[in-house]
Each structure stands twice: as C-alpha cells, then as structure tokens.
Amino acid sequence: MDYGTFQGIVTLVLLLIFLAIVGWAYSARQKPAFEEAANLVFDDEQKHQGSKE
C-alpha cells in the first residue's frame, strides 16, 4: 500500500465519522435531549428569580 492509498483510506474513514456525527446530531431521537439542554439556562434563571421573591 502506497502513501496515497493510505491517505485516501484515512480521508474516507474521517468522512464517514463526520457523516455519522451529523446524522446523530440531526436525528429525531436526539431532539428532546437537545431541547432540554438548550432550556437549562432558563430553568436555572427561573429558580433563581423564585428564590429572590
């Protein structure tokens, strides 16, 4: 195996890993977890405001 073939295989593997990560991030099963994580700041803010009153 020459160096060009090795670079091609590594590039293909990295492309497949990238596509897997993008597929995982945009899958419908991950949406509720991402929505919950996005609203954590606001939940903490509401708790903080509730303790001041």
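The following conversation concerns a predicted model.

Visitor: What kind of model is this, and how are residues numbered?
Guide: The model is predicted, so to speak, under set limits: local features need pLDDT of at least 70, side-chain atom pairs count only at pLDDT 80 or more, and totals for chains, interfaces and linings use all residues. Residues are numbered from 1 along each chain as its sequence is written, and side-chain values use heavy atoms, with hydrogens and water left out.

Visitor: Which secondary structure elements does the protein have?
Guide: The protein has three helices and zero strands, in the order α-α-α from the N terminus. Helices (H or I, at least four residues) and strands (E, at least two) are DSSP runs, numbered from the N terminus.

Visitor: What is the radius of gyration?
Guide: The protein has 21 Å, whereas a compact globule of 53 residues would have a value near 10 Å. The radius is taken over C-alpha atoms, and the globule rule is 2.2 Å times the number of residues to the power 0.38. Along the principal axes, the C-alpha atoms fill a box of roughly 70 × 20 × 10 Å.

Visitor: How much of the protein is buried?
Guide: Of the 53 residues, 2% count as buried. Buried means under 20% relative accessible area, exposed over 50%, and partly exposed in between (1.4 Å probe, protein chains only).

Visitor: Which residues form the nonpolar patch?
Guide: Met1, Tyr3, Phe6, Ile9, Val10, Val13, Leu14, Ile17 and Ile21 form this surface patch, with about 940 Å² of accessible area together. Patch residues have over 30% relative accessible area and no salt bridge; like charges are joined within 9 Å, and nonpolar side chains (Val, Leu, Ile, Met, Phe, Trp, Tyr) within 5 Å. A salt bridge is a side-chain nitrogen of Lys or Arg within 4 Å of a carboxyl oxygen of Asp or Glu. Areas come from the Shrake-Rupley method with a 1.4 Å probe; for residues, only the protein chains shown count as cover.

Visitor: Is Leu14 buried or exposed?
Guide: Leu14, in helix H1, is exposed because its relative accessible area is 52%.

Visitor: And where is Tyr26?
Guide: Tyr26 lies in the loop between helix H1 (3–25) and helix H2 (31–38). Tyr26 counts as exposed because its relative accessibility is 72%.

Visitor: Which residues gather in the negative patch?
Guide: Glu36, Asp43, Asp44 and Glu45 gather there on the surface. Helix H3 (residues 40–52) gives the most, with three residues. Glu45, found in helix H3, counts as partly exposed because its relative accessibility is 42%.

Note on methods: Lys, Arg positive; Asp, Glu negative; His and termini not counted. Charge placed at Lys NZ, Arg CZ, Asp CG, Glu CD.
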